[in-house]
Amino acid sequence: MIASILPTYSRAPLTFTSGEGSWLTEADGRRFLDLGAGIAVNALGHAHPALVAALNEQASALWHVSNLYNIPAQQKLADALVDKTFADTVFFTNSGTEACELAVKMARKYWFDKGENRTEIITFSGSFHGRSSAGIAAAGSEKMTKGFGPLLPGFTHLEFGDHDALHVAASDKVAAIMVEPVQGEGGIRPLPDACLKGLRDLCDQHGILMILDEVQCGMGRTGRLFAHEWAGVSPDIMMVAKGIGGGFPLGAVLATEDAASGMTAGTHGSTYGGNPLACAVGAKVMEIVGDDAFLADVNRKAGLLRQKLEGLVAAYPDVFEAVRGSGLMLGLKCKAANTDVVNAGFGQNVLTVPAADNVIRLLPALNIPDEDIALAVEKLAKAAEQIKGDDA
Ligand code: PLP
């Protein structure tokens, strides 16, 4: 008999009932150090007092009004995003997947309005853009698309890192290139700054719109508000979600005025997108994460964690191969099976997240205390010790 929850997830046998900072408490009372943060969602940890206060204040005033009316919290968050980024305008969604849907629509409408037949969007292997029809068609992997055809047409899939193929595919017929500055699900694979710059140049050369998917790597995760800032380039369209709501469902598409020019009244909408509760929390997250001193501290913590992880890899060469990633979006490429490492972590009360390419992801809260960073690596060392013991 089918489970009452559609069985699309393989869940660990853990049930968390409360959280505080970087810690989660299991129903049986065990406390777990959370290095997954809801897969890069709980940017400020669990139950951050300022976020709880912002949510409670909005909850006691007004939960929902439709986008037929002005929503002050939405305006506040949009203004803050426009103020701190390349963008001139923002559309709010409830998730990264919905942000992908709009990014694709926006790029195609841009060219339609110019009277040009440019619909093709270039994407890369290992990418992840969500599980909707556009999201799976964009990523294009067999794992995600098999059995779900016919797929949304108009995507050209290139091998990640194949510059020659990119130069052949990029032309004045292409509508957009969509890319994650740091691939998350794909195994924490950063696009080198030089490549992101090269991609921007290529887009400029052919008039192609650059869509960056910063759903996982954005909102302070890499130590800058958005990951592309490290390369000194800016996109035309950007997808955001996860960390922006700090745990409340919220996503956004940010765009330049030019790229957004086709999206006039009636061309797109959402019942819940930009809901007052989500935006009240999002505005508070932006206020905290968008602060330069906060981001400087993310970089300091990232340095500390990375240094300790390099030591871990050196100490357990049979279990780990390398550290990779950027800021507090780090991956441990494993020699042992990554799922064994995640499971051994459960035994040490530490939570990590598997990714493709036999990697485990470490995506802690951006404000994880230094002592928890040290403790996390001690727990991972014990997990590695156990794996070594099991193999012996
Ligand atoms: N894009 C990227 C880079 C992601 O990592 C994800 C989710 O993991 C998505 C899009 C889809 O976001 P959501 O799960 O909020 O729909």
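## The largest cavity

Ten names make up one lining: Ala 40, Ala 43, Val 215, Gln 216, Gly 218, Met 219, Arg 221, Lys 242, Gly 243 and Leu 366 line the largest cavity. The model is a predicted one. The space in this largest cavity is about 40 Å³. By class, its lining has 5 nonpolar, 3 polar and 2 charged residues.

A search of the whole structure finds 1 cavity of 30 Å³ or more. Rolling a probe the size of a water molecule over the atoms shows where empty space is left.

## Around the ligand

Which residues stand around the ligand? Ser 95, Gly 96 and Thr 97 are among them. By class, the shell around the ligand holds 2 nonpolar, 6 polar and 4 charged residues.

Some contacts can be given atom by atom. Gln 216 places a polar side-chain atom 2.7 Å from an oxygen atom of the ligand. For Gly 96, a polar backbone atom is 2.9 Å from a ligand oxygen atom. Glu 185 has a polar side-chain atom 3.4 Å from an oxygen atom of the ligand. How much of the ligand's accessible area does the protein cover? On its own, the ligand has 390 Å² of accessible area, and the protein covers 83% of it.

## The second largest pocket

The second largest pocket holds about 640 Å³ of space. It is lined by 27 residues. Closest to its centre are Gln 74, Thr 89, Val 90, Phe 91 and Phe 92.

Which elements give two or more residues to this lining? They are helix H3 (72–84), strand S4 (89–93), helix H4 (96–113) and strand S12 (251–255). The lining residues of this pocket divide into 13 nonpolar, 12 polar and 2 charged.

## Aromatic pairs

The structure holds 2 aromatic pairs. In one of them, the ring centres of Phe 16 and Phe 32 are 5.5 Å apart. Their planes stand at 75 degrees, so the pair is edge-to-face. A pair of aromatic rings is described by the distance of the centres and the angle of the planes.

This pair links distant parts of the chain. Phe 16 is in strand S1 (residues 16–20), while Phe 32 is in strand S3 (residues 31–34). The two residues are 16 residues apart.

## Backbone details

Where is there a cis peptide bond? Such a bond joins Gly 149 and Pro 150, with omega at about -5 degrees. Pro 150 is in the loop between helix H6 (142–145) and strand S6 (155–158).

Ala 37 is a residue other than glycine with a positive phi, near 50 degrees. Ala 37 is found in helix H1 (residues 37–40).

Notes
Residues numbered from 1 in each chain as written. Predicted model: local features only at pLDDT ≥ 70, side-chain atom pairs only at ≥ 80, totals over all residues. Heavy atoms only, no water. Near = heavy atom within 4 Å. Polar contact = N/O pair within 3.5 Å; in protein donor to acceptor, adjacent residues only side chain to side chain. Areas by Shrake-Rupley, 256 points an atom, 1.4 Å probe, with all protein chains shown as cover. Nonpolar A, V, L, I, M, F, W, Y, C, P; charged D, E, K, R; others polar. 1 Å grid on protein atoms, 1.4 Å probe; cavity = no way out; pocket = protein on both sides within 12 Å on 5 of 7 lines; lining within 4 Å. Points joined across faces, edges and corners; volume = space filled by probe spheres on them. Helix = DSSP H or I, 4+ residues; strand = E, 2+ residues; numbered from the N terminus. Phe/Tyr/Trp six-rings, centres within 6.5 Å; stacked < 30°, edge-to-face > 60°.
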